[in-house]
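Let us walk through this structure from the inside out. Keep the sequence and the model side by side.

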Amino acid sequence: MSKKIAIIGSGISGLSCAYLLCEKDYNITVIAKAFSPNITSNRAAAFWFPYHIRNDKRGVSWAQKSYSFYEELSADASTGISMKQLIKVLRENEIEEEPIWVDFIPKGACKKVPQENLSPGVEVAYDVTVPLIETQIFLPYLKNYVSAKNVKFIEREISSFDEIKDDFDFVINCTALGSQKLCNDKTIIPVRGQVALIETKTDFPIYLDNEKPLYIVPRKDAMIVGGTYEENMYEENTEPSTIEKILNNAYEVFPELKQQKIIGSWAGLRPYRPTVRVEKENNIIHNYGHGGSGFTIAFGCAGEVVNLLQ
Ligand SMILES: Cc1cc2nc3c(=O)[nH]c(=O)nc-3n(C[C@H](O)[C@H](O)[C@H](O)COP(=O)(O)OP(=O)(O)OC[C@H]3O[C@@H](n4cnc5c(N)ncnc54)[C@H](O)[C@@H]3O)c2cc1C
């Protein structure tokens, strides 16, 4: 008889595990207290880029596996994934961070912008090809895909793994910040990100400037302009004065964006942990704490979960 697996959590971490496991001989149920669009994974800017993972060597292969996976899926527009140009600028006091993230980038996907094309104040800039994952399209795509392969979904909050352990052979824990309580893990904390949304310009590259800080992500439905990094903030609200500041940062670099109508804002809580936990503990496999890189490493981590299960 096929083994019964519960995946707790229906964000990108849980759904990527369901995706890789649904072709195998398992009886899978995803249990979550909330689903897309009411979860952190929907609020990600969701471009592929290593963040919060640069000092973890495991991250290189997780990120590169995920990159290849997204690149393949980008051939099908219905996934909401496309390969985009990303311009990453480094200002004077950031130069030393350069080698760390470059190691993550697949060969041939990154080149330096010629010196004569740099904007004032920018010391170095990189032109990188990366996957952009439009969460509003990709998360429903994944859910539909695995549902068609007989994965079941149940809306339920669990307060302890003991509640379900007798009903399943294995439990995969993809609860992100929910693991604070479920695993009594004090090392995972929320890092709030507030972003503004403006009318889109899809011919725009993704733009990343950590010094300002500023990132711009041209999705089909809106351009995401971010953002903040606020540790230990549990409130998922945005503050008008912060949103104004984020937009002013963007207008300083790209004055032409003032013409784009402001259409909203949102905030999400990155599930930050000093190291991502992908680990087996008896019949529980943990997969949480992906911080600001949940999409960037999701399918690499899910691959490791599959290995631990087998
Ligand atoms: C503003 C912002 C920008 C970002 N940009 C990027 C980016 O560009 N690239 C990138 O790679 N990442 C980005 N991220 C990070 C990314 O969003 C996260 O790393 C990722 O969404 C985490 O996914 P997850 O599935 O682990 O968690 P979540 O999406 O939080 O899913 C957790 C799931 O667990 C369920 N759950 C929790 N507790 C329980 C419980 N007790 N019982 C039942 N169910 C439970 C929840 O309901 C939910 O279904 C960004 C995040 C923010 C906030």
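**Core, helix crossing and ligand shell**

The largest nonpolar core holds 78 residues. Ile7, Ala18, Phe47 and Ile172 have the most contacts inside this core. Such a core is a set of buried Ala, Val, Leu, Ile, Met, Phe, Trp, Tyr and Cys residues joined through C-beta atoms within 7 Å. Buried means that 20 or more other C-beta atoms, placed from the backbone, lie within 10 Å of the residue's own. Helix 8 gives the largest share of this core, seven residues.

This is a predicted model: local features need pLDDT of at least 70, side-chain atom pairs count only at pLDDT 80 or more, and totals for chains, interfaces and linings use all residues. Residues are numbered from 1 along each chain as its sequence is written.

Take Phe47. Leaving aside neighbours within four places in sequence, Phe47 is in contact (C-beta atoms, placed from the backbone, within 7 Å) with Leu86, Val130, Leu132, Ile206 and Val217.

Now turn to helix 8 (residues 294-309). Its axis comes within 6 Å of that of helix 3 (residues 58-73), and the two cross at roughly 105°. That makes helix 3 roughly perpendicular (65 to 115 degrees) to helix 8.

What surrounds the ligand? The shell has 41 residues, the closest being Gly11, Gly178, Gly193, Gly268 and Gly294. By class, 18 are nonpolar, 19 polar and four charged. Helix 8 is one of the elements that supply at least two shell residues.

How values were computed
Axes fitted to C-alpha atoms, helices over the stretch in contact; angles between N-to-C directions. Helix = DSSP H or I, 4+ residues; strand = E, 2+ residues; numbered from the N terminus. Parallel < 35°, antiparallel > 145°, perpendicular 65-115°, else oblique. Near = placed C-beta within 6 Å. Nonpolar A, V, L, I, M, F, W, Y, C, P; charged D, E, K, R; others polar. Buried ≥ 20, exposed ≤ 12 C-beta atoms within 10 Å, placed from the backbone. Contact = placed C-beta atoms within 7 Å.
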